[in-house]
Amino acid sequence: MGDNSILEHAKEADIAEKEIKYLKEQLVLLNKAIAEKSSAPLESPEVTVLNTENIKLKHRLSILNRAIVAETSKPSKKQTESAGMMSIQDNLYEIFQQAITEAIIDITDPPIVITLANNVKFGDYQCNSAMPIANIYKQLGKKVAPRDIATKIIEKVPTNPMIEKLEIAGAGFINIFISRTYGMQNLNTIFEKGLQPPPINKKLRVLVDFSSPNIAKEMHVGHLRSTIIGDSISRLLEYFGHDVLRINHLGDWGTQFGMLIAHLQDQFPNYLTQSPPIADLQAFYKESKARFDSDAEFKKRAYACVVKLQAFEPDYYKAWQLICDVSRKEFQKIYDRMDIKITERGESFYQDRMDKIVKELEDNGFLELDEGRKIMWVEQNVGIPLTITKSDGGYTYDTSDMAAIKQRLVEEKCDWVIYVTDSGQATHFDIIFKCAKRAGIVDYQKHRLDHVGFGVVLGEDKKKFKTRSGDTVRLIELLDEGLKRALDKLKEKERDKVLTEDELKLAQESIAYGCIKYADLSHNRNQEYVFSFDKMLEDKGNTAVYLLYAYTRIRSIARNANYTPEKIVNIAKIFSVSLEHEKEWKLGKVLLRFPDVLLKITKDLCLHHLCEYLYEIATTFTEFYDSCYCIEKDSSGDIIKVNNGRILLAEATALIMHKCFDILGLKPVSRM
Ligand SMILES: NC(=[NH2+])NCCC[C@H](N)C(=O)O
């Protein structure tokens, strides 16, 4: 179906609508006539006929309208053609939506419930709409058995290559069995077209605001979480083909720069000609803060410095740049090590935009004076207002976020903005989004805004993550420890005796950074999580180490059969993925869920679904591999037979796992 059918549906809908309008007018006229002739019966046969006709047409119209929505939200034909694996859940949803709308004509918008079956006995997927529909009937005073509803629905499901058979079970569940032939064709597309993402309706411009540490203060584990989660969300959306802007909203502007600059002038008087050798910016920050808190004269000077900086006076601007550079280099070390790409666009970027937004909000009457401050309410005296300017006229975190949201949606024309920070900032973003809506900056018809929050990182003692001496853990030191522990682990397994030096180094980095990222991503981000190297380096359970090993093992199967990547490509032209054996089919069905898992994550932006999926792939693969030979050898160890269909199934597994690792920012190695 393409544009033509949309046009046809639209035309039909148009006609139906006109007819309804005509009939309604007729009804009004008739009713009037009836009212006038009070002797006439309340509803003439003519009215009854028209009424029934009207109900039918209304129903027809709702079906047509739905068909239009389905057509327009479907990816265009071109996109579908280029696509690889199809989303089973989405397809089932569409098929059943159509069937249910046709079967249940007296309820508008009947519920469409498609879930994954949790037991093979009940098929692969289930349609559980019959029970809630029966409930709706009950509320309307009609008693209909769910099983009868299920039967009616099934009658309307057309034959479809994806569906092997349908069964009604229990109270009225519809068990859906997926066809193996369909599964095979779907998995084979991986070899024909590469592993493609599910098609998108429209390429979106998405801005992901993540990492965002503050200059001169330490980048802490909270920022590390934001960095890991934000990078992974960006990778996912990039894979889908969206246009992703990865933005580092550095805290590089604000009153703290006054004291830093004043302190710099004292410590390094010739900073303008000689780059100041600040080795430890955090210590420098602490010193200046101590002076600021104890020395009134210094404090006054610090304030004067802020004013000059915000007026972009060259010497002050230069001092600010020097200070930022020191932090920037530190942050970059972390990003490089963890392979994070991000564009710096700190709070300072919005300075003149802040002037503008304050004026705009003021002119439109959104601001209110409150003890010298200018505040903005979402709703008068409800909740907390934003502080748009302080009593000294200075700007705040709220001001920069209002300027930033406008820049992003209006200037940058983003369709979707995602903010990744700790959950403690949820209220801040809630108010920013609502005030932006109030100010007409956000239009939810075209914009999507998400605050992706996350819980705090705890130490193994379940207290806030700190060093033994109670200091904040330095991220570079944390990464170093990860490297050391990863190497210990490899040596413990005597891998240093088998791998070349280069291979060992690659494996070490893959494990170290992989386990730190994976431990974070595999936990539901909304909850706090305990940082433990011991746990993350375990080689059992849902850990990076287990999965990276599982992956290399799968990769080694084709290698052991002496199949080169080129040979696999050629094999795939002749053979299909094998899905005969019960365990092959079980694995196949897990692999087929790949598009659905990704689509789900684009909705709730929770990456632990992907980690759970990876783990399920790895364990299901083990089940398959334990009962199905891929290569048969004779007693002397010579290969006598290679099962090509199974090699392809293993290869498809490896390709999907690799893509999951990519999205999570992990770098699997072929040997470790
Ligand atoms: N647009 C934003 N407010 N982004 C998040 C900034 C995070 C802030 N710098 C912090 O360390 O908490």
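1. Two elements each supply at least two residues of the shell around the ligand: helix 14 (397-411) and strand 11 (416-422). Helices (H or I, at least four residues) and strands (E, at least two) are DSSP runs numbered from the N terminus. The residues around the ligand are Asp209, Ser212, Pro213, Asn214, His249, Gly251, Asp401, Ala404, Tyr419 and Thr421; a residue is near a molecule or strand if its C-beta atom, placed from the backbone, lies within 6 Å of it. By class, the shell has three nonpolar, five polar and two charged residues. Here Ala, Val, Leu, Ile, Met, Phe, Trp, Tyr, Cys and Pro count as nonpolar, Asp, Glu, Lys and Arg as charged, and the others, Gly among them, as polar.

2. This is a predicted model, in which local features need pLDDT of at least 70 and side-chain atom pairs count only at pLDDT 80 or more, while totals for chains, interfaces and linings use all residues. Residues are numbered from 1 along each chain as its sequence is written.

3. The protein chain holds 24 helices and 16 strands. Of its 672 residues, 36% are buried. A residue is buried if 20 or more other C-beta atoms lie within 10 Å of its own, exposed if 12 or fewer, and partly exposed in between, with C-beta atoms placed from the backbone. Among contacts with a separation of 6 or more, 72% join residues 24 or more positions apart; two residues are in contact if their C-beta atoms, placed from the backbone, lie within 7 Å.

4. Strand 6 (residues 243-248) pairs with strand 7 in the parallel sense over two bridges, and isoleucine 247 stands opposite threonine 343 in strand 7. Axes are lines fitted to C-alpha atoms, for helices over the stretch in contact, and angles run from 0 to 180 degrees between N-to-C directions.

5. Another open sheet has four strands in the order 1-2-4-3, with antiparallel pairing. Its edges are strand 1 (114-116) and strand 3 (163-169); each has a single partner strand, so one side of each is left without a neighbour in the sheet. Neighbouring strands are turned by 25 degrees against each other on average, direction ignored. Six bridges pair strand 3 with strand 4 (residues 173-178) in the antiparallel sense, and isoleucine 163 has isoleucine 178 of strand 4 as its bridge partner. Helix 4 (residues 88-103) packs on this sheet, touching strand 1, strand 2 (125-127) and strand 4, at about 150 degrees to the direction of strand 1.

6. Proline 110 is in the loop between helix 4 and strand 1. It counts as buried because it has 21 C-beta neighbours inside 10 Å. Not counting residues up to four places away in sequence, proline 110 touches Ile100, Ile104, Ser129 and Ile133.

7. Strand 8 (residues 367-370) and strand 9 (residues 373-376) run antiparallel and are joined by four bridges. Aspartate 370 has arginine 373 of strand 9 as its bridge partner. Two residues lie between the strands of this hairpin, in which glutamate 371 takes a positive phi near 50 degrees.

8. The largest nonpolar core has 136 residues, and Cys515 and Leu610 have the most contacts inside it. Helix 24 (residues 644-664) gives the most to this core, with 12 residues. A second, separate core has 22 residues, including Phe257, Leu264, Ile278 and Tyr316. Such a core is a set of buried Ala, Val, Leu, Ile, Met, Phe, Trp, Tyr and Cys residues joined through C-beta atoms within 7 Å. Leaving aside neighbours within four places in sequence, cysteine 515 is in contact with Gly482, Met536, Leu537, Thr543, Ala544 and Val545.

9. Helix 21 (residues 582-592) has Glu584, Trp585, Leu587, Gly588, Val590, Leu591 and Leu592 buried. These buried residues pack against helix 4, helix 7 (180-193), helix 22 (594-604), helix 23 (608-627) and helix 24.

10. Methionine 672 lies in the segment after helix 24. With 21 C-beta neighbours inside 10 Å, methionine 672 counts as buried. Leaving aside neighbours within four places in sequence, methionine 672 is in contact with Arg495, Ala507, Ser510, Leu548 and Thr552.

Methods. Two strands pair if DSSP finds at least two bridges between them.
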